[in-house]
Structure formats: C-alpha cells, structure tokens
Amino acid sequence: MQRRSLLLAALSSGLVLPVRAAPPGNGRYPFSLGVASGSPLPDSVVLWTRILYDPLNAAAMPQAAFNVRWELAEDEAFRRIAAQGSAAALPALAHSLHIDVKGLKAGRWYWYRFMLDDAVSPVGRTRTAPAPGEMPDALKLAVASCQHWEFGYYAAHRHIAAATPDLVAFLGDYIYEWGAYSLEHPARAVRRNESFTLAEYRARYAHYKTDPDLQASHHAAPWILTWDDHEVANDYGGLRDELLSGSFPERRAAAYQAWYEHQPVRLAQASGFADARIYERYDWGRLARFHVLDNRQYRSPQACPRPGRGGSSSVYRNACAVLADQRRTMLGMPQERWLKEGLEGSRARWNILAQQTLMAQSSQVPIHQAGDGRFWTDGWDGYPAARQRLLDALRSSRASNPLVLSGDVHTFYAAELSQRPTVQQSRSNPVIATEFCGTSITSGSRPQARTEEYVKMNPHIKYGRSDKRGFMLLDVRPERTTALFQGLDNVREKASGIRTLASFDVRSGRPGLAGG
C-alpha cells in the first residue's frame with residue numbers, strides 16, 4: 001500500500017521517475033484510448049492518457065515504464081507552448097498518466113497532446129476555470145450519465161462534442177460491470193464477463209474508451225466526474241453489495257483504482273484505493289460553484305432489502321420502519337458537513353449540486369395521506385432523513401440559486417424541491433431549489449406511459465421523459481439558467497440525430513421552473 005501511495009503521488013504530480021527501456025509496440029499506436037482533461041481550476045487542469053497498444057488485450061503490455069512527453073499550448077497548432085514535460089507511465093497504474101499542469105492563465109482555452117517515441121496522441125482541447133473574482137457572461141455545461149455499452153451507440157457523445165461545451169459533468173455509471181467485449185456495440189445485451197478483479201475492471205474501461213464518439217467528447221472540453229454503482233457493482237451501498245459478499249471490500253478497491261486510472265481527476269488523498277475521496281468543489285468564477293458529491297462510498301446500506309440479499313427494493317413507507325431512522329445517511333456525516341460548509345461559504349450566483357440520483361420524491365403509487373407511498377430504496381427516497389438534512393442545509397445556508405443535477409434513473413425529469421419534500425408545496429413549504437435529472441447516454445428505462453403516471457402522482461415533478469436517450473445542455477448565465485433536454489432519434493443508430501425535447505428556465509432569485 002505504501003508503494004502504491006508513492007506511485008500515485010508521483011504520477012499525480014507529473015514527477016519523472018527512473019524508467020527502463022520498454023519494448024516497442026511493434027508499430028502499433030500507443031494512444032488507442034485517446035486523451036482527456038478535467039478537474040479545472042483557475043490556474044491548473046489535469047491531463048490524462050493511458051499507454052495501451054491493444055485495447056482488448058491489455059495483458060500483452062510489457063511490464064515496464066514508458067517515458068511519455070506532453071505539451072500544452074495556447075493555440076491548436078502548438079506554436080505557443082504554455083507548459084511541457086515528461087512523466088513515467090507505470091505498469092502499477094496501468095500505464096496511465098495524470099499530469100496536473102499548474103501555473104496556467106485563468107479562464108482561457110488550451111490544447112494538449114502526448115508523445116511516445118514517434119507516436120503523437122490526438123489533440124485535446126481544455127480550459128481553466130475563470131478567476132475567482134470574475135463574473136463570466138455564460139457557462140455552457142453538458143451533463144451526462146449511464147452509458148451501458150450493451151444498449152446502444154454513443155451518438156450522444158458525438159453531439160456533446162459538436163455542442164462545444166465549456167465543461168462536461170459526468171454523473172456516474174461510466175462503465176457497467178458486465179457485458180461482451182467487442183469493438184462494436186451489440187444488437188442485444190448479453191450478461192457475461194462480469195468484472196471482479198483489477199485486471200477485469202481495467203479491461204472494461206479500455207473497452208469503453210475505444211469508442212470514437214466517447215473519445216471526441218473527452219477531446220472537446222474538460223470534465224468533472226463522480227461515480228455511481230456500476231463502476232463497481234449494481235446497487236452497492238458502502239461496503240455491502242447485492243450478494244452480501246465477504247470479499248466485496250477488495251472488489252470495491254480494485255474498481256476504485258481502475259476508475260482513477262481512466263479518468264482525468266486528482267484525488268484529495270494518496271492513501272491507496274480501499275477508500276478514495278472524490279467529492280470536491282469547483283468554482284467557475286463568481287458565476288457557479290459545483291459541489292460534486294459521492295453518494296455511494298459512505299452511504300448506509302439500503303433499507304428493507306429482499307431476504308438474503310443486499311441492494312435495493314421497492315417498499316411501502318409504512319411497512320419499512322428503517323426508512324425513518326434519523327441516523328441513516330447517503331453522503332456520510334463528514335461529507336454532509338463539508339457540503340454545508342461549502343454552501344455557507346459560497347459567493348457564487350448559482351450553487352450546483354452534481355450528484356447521482358433523483359432527489360425529488362417519486363412514489364410508485366398514489367399518496368393519499370401521510371405515511372403512504374411506495375419507494376425505490378436505492379435513490380434519495382430510500383434515505384429521507386439524509387435528504388431532509390441536505391434540504392435544510394440548502395435553506396439555512398442561504399446559498400444563492402441552488403440547482404440539483406442528477407442521473408442514474410435513465411429518465412429526463414424537471415422538478416421543484418421544497419424544504420419538506422413529502423408535503424405539498426405551499427406558502428409555508430416553498431420551493432427552495434430546482435432539479436434537472438438527465439436521461440442515460442444508452443442505458444434502458446421504463447415505458448413512457450409509466451413515467452407519465454409517476455409525474456401525475458408526484459406533484460413536485462413537473463416533467464418526465466423516459467423513452468429517449470441523450471444528455472442535458474445547460475446555459476448558465478448570471479440572470480438565469482436554461483436547461484435543454486437533448487434526446488436522440490434512435491440510440492441503436494450510430495449516426496442518430498438529436499433534438500430538444502424540452503426547455504426550462506430558472507431565474508436568479510426565483511427558485512423553481514419559470515417555463516417549459
């Protein structure tokens with residue numbers, strides 16, 4: 001563990017370690033997974049790549065370090081080099097590189113690339129966040145989640161790249177832990193090859209990252225990311241999985257390491273991967289503060305699971321007493337305190353919670369009186385006390401214009417969040433935040449007719465669309481935020497077109513939806 005921590009710290013800083021000559025790639029291209037950037041600050045950004053000659057046969061990689069050069073320029077032709085260097089791509093971290101380039105100018109675009117011997121990577125475009133005191137005119141933000149290889153093409157990522165966003169927020173389920181390996185997206189899902197070991201998770205990421213549209217989305221702009229369950233295992237909560245496996249902590253650590261090895265992120269600590277703090281704040285000048293949350297690693301296990309199982313279920317509120325336990329948490333108490341402090345200290349015009357799953361109450365049956373309702377226990381409905389503490393923090397902090405961004409449920413939702421989410425909105429229970437939940441990049445959902453029933457049964461939810469895959473595109477400005485729900489014509493077509501299914505405005509100082 002100590003050696004792994006040293007390697008992680010060295011790689012994150014871009015430190016050049018002693019390397020021995022690695023066998024050549026026999027003419028094969030070493031940057032088969034593309035490049036990426038992320039975690040933008042006013043003076044720095046993380047650049048990522050992984051050296052891999054054959055994405056579907058990582059075992060063929062030599063167990064030796066590679067000395068990789070990198071450049072970051074102020075122009076696409078690389079005539080004005082802003083920073084450059086070299087770093088060791090180590091087999092202990094799957095030959096991945098995380099270069100945290102510091103000393104950059106705030107609020108400007110850069111271009112970057114990597115080089116190994118005569119091979120040059122694709123060119124990526126990235127940018128730094130605006131200076132702390134600056135009020136930008138606008139931020140174009142793409143929001144995506146849930147991209148199961150088995151359920152369609154990544155055409156949505158091609159459209160994200162074409163939209164030229166300033167920033168991409170990915171809210172979890174970057175991979176799914178099972179599926180057949182193929183360079184084409186299959187015509188139907190086949191549940192096999194489930195990932196359990198570090199090598200298997202690495203192979204899964206390499207498989208996903210072969211997709212040219214996903215690579216293009218990474219090449220277009222910096223990303224901020226969090227994870228959800230399928231980066232590890234379906235519906236896991238903390239250190240408990242569906243199968244109640246005694247070896248799950250080791251499996252989770254392997255999955256967390258593979259996630260780090262394949263994402264343009266910096267970790268807040270370099271202490272191995274049994275735990276890995278990924279919740280973080282990102283300020284976009286005075287326009288927006290992103291509170292990026294982790295609601296998987298620290299949560300209490302799901303309430304009232306099926307006999308002999310872990311994971312989620314759907315339960316009636318009055319038949320599951322554990323739901324009312326005030327000690328249950330989605331974020332863990334340290335993260336809850338961290339979020340409250342970040343809200344109280346924010347001077348941003350918009351406070352954006354980038355997190356995994358739907359926060360608005362979503363009963364599966366009509367609610368006629370207090371205590372009624374049937375709820376899915378993996379989402380915020382399964383953690384009502386934790387949700388109430390979060391909403392109370394939003395209200396008491398007086399943080400300006402809270403927006404909640406969500407994924408996970410493979411459905412577009414627009415919702416209004418009241419301080420007491422289980423009670424009708426009223427003068428005594430006003431709207432305090434707006435929620436936009438995005439559909440999936442590919443992963444399937446329920447029939448639209450059922451979603452329309454959910455909207456009718458849950459008055460806080462104003463719009464729902466589950467029959468389309470796609471992403472959200474937000475235009476954040478000082479006076480208002482506009483959210484566009486972008487839906488693909490057909491996720492099974494590689495060249496699918498896209499159209500705006502719905503548009504919503506939120507006006508500064510007036511929580512809730514202004515129109516749609």
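These legends walk through several close-up views of a predicted model.

**View 1. A seven-stranded sheet.**
Follow the strands across the sheet and you get the order β12-β13-β15-β17-β19-β18-β20. The sheet is open, and its pairing is mixed. Which strands sit at the edges? They are β12 (280–284) and β20 (461–465), each of which pairs on one side only. On average, neighbouring strands here are turned by 20° against each other, if you ignore direction.

**View 2. Helices against the sheet.**
Helix α6 (residues 333–344) packs on the sheet, where it touches β12, β13 (288–292) and β15 (350–357). Its direction makes about 180° with that of β13. Now look for helix α8 (residues 448–457), which lies across β18 and β20. Helix α8 runs at about 175° to β20.

**View 3. Strand β18 and its two partners.**
Strand β18 covers residues 412–418, and four bridges join it to β20. The two strands run antiparallel. Two pairs to pick out are Tyr413, which stands opposite Gly464 in β20, and Ala415, which stands opposite Ile461 in β20. Strand β19 (residues 431–437) is also antiparallel to β18, and six bridges join them. Here Ala414 stands opposite Phe436 in β19.

**View 4. How covered is β18?**
Is β18 enclosed or open to the outside? Seven of its seven residues are buried, so the strand is largely enclosed by the rest of the structure. You can check this face by face: Phe412, Ala414, Glu416 and Ser418 lie on one side, with Tyr413, Ala415 and Leu417 on the other, and all are buried. In other words, both faces of β18 are covered.

Leu116 lies in strand β6. Is it buried or exposed? Its relative accessibility is 5%, so Leu116 counts as buried. What does Leu116 touch, leaving aside its neighbours within four places in sequence? Its contacts are Pro30, Phe31, Ile51, Tyr53, Phe66, Asn67 and Val68. Take Phe66 as one of these contacts: Phe66 and Leu116 are 50 residues apart along the chain, yet their C-alpha atoms are separated by 7.9 Å.

**View 5. Two residues with a positive phi.**
Asp117 isn't a glycine, but its phi is positive, at about 55°. You'll find Asp117 in the loop between β6 (109–116) and β7 (119–120). With a relative accessible area of 59%, Asp117 is exposed. Thr164 also has a positive phi, near 45°, and isn't a glycine either. Thr164 lies in the loop between α2 (155–162) and β10. At 41% relative accessibility, Thr164 counts as partly exposed.

**View 6. A nonpolar patch on the surface.**
Which residues make up this patch? Leu56, Tyr181 and Leu183 form it, and together they have about 280 Å² of accessible area. Zoom in on Leu183, which is in the loop between β10 (167–170) and α3 (198–208). Leu183 has a relative accessible area of 54%, so it counts as exposed.

Side chains of opposite charge can pair when their charged atoms come close. How many salt bridges does the structure hold? There are 26 of them. In one, the side chains of Arg191 and Glu194 meet at 3.7 Å, N to O. Arg191 is exposed, with a relative accessible area of 54%, while Glu194 is partly exposed at 28%. Another joins Glu261 and Arg202, at 2.7 Å from N to O. This pair links distant parts of the chain: Glu261 is in helix α5 (residues 248–261) and Arg202 is in helix α3, 59 residues apart. Glu261 and Arg202 are both buried.

Start with Arg296 and Asp228, whose side chains meet in a salt bridge of 2.8 Å, N to O. Arg296 sits in the loop between β13 and β14 (314–316), and Asp228 sits in the loop between β11 (223–225) and α5. The two are 68 residues apart, so this is another link between distant parts of the chain. Both Arg296 and Asp228 are buried. Now widen the view: Asp228, Asp229, Arg296, Arg299 and Asp378 are linked in a network of salt bridges.

Notes
Residues are numbered from 1 along each chain as its sequence is written. This is a predicted model: local features need pLDDT of at least 70, side-chain atom pairs count only at pLDDT 80 or more; totals for chains, interfaces and linings use all residues. Side-chain values use heavy atoms; hydrogens and water are left out. Patches are made of residues with over 30% relative accessible area and no salt bridge: like charges are joined within 9 Å, nonpolar side chains (Val, Leu, Ile, Met, Phe, Trp, Tyr) within 5 Å. Accessible areas come from the Shrake-Rupley method with a 1.4 Å probe; for residues, only the protein chains shown count as cover. A salt bridge is a side-chain nitrogen of Lys or Arg within 4 Å of a carboxyl oxygen of Asp or Glu. Buried means under 20% relative accessible area, exposed over 50%, partly exposed in between (1.4 Å probe, protein chains only). Two strands pair if DSSP finds at least two bridges between them. Axes are lines fitted to C-alpha atoms, for helices over the stretch in contact, and angles run from 0 to 180 degrees between N-to-C directions. Contact means heavy atoms within 4.5 Å.
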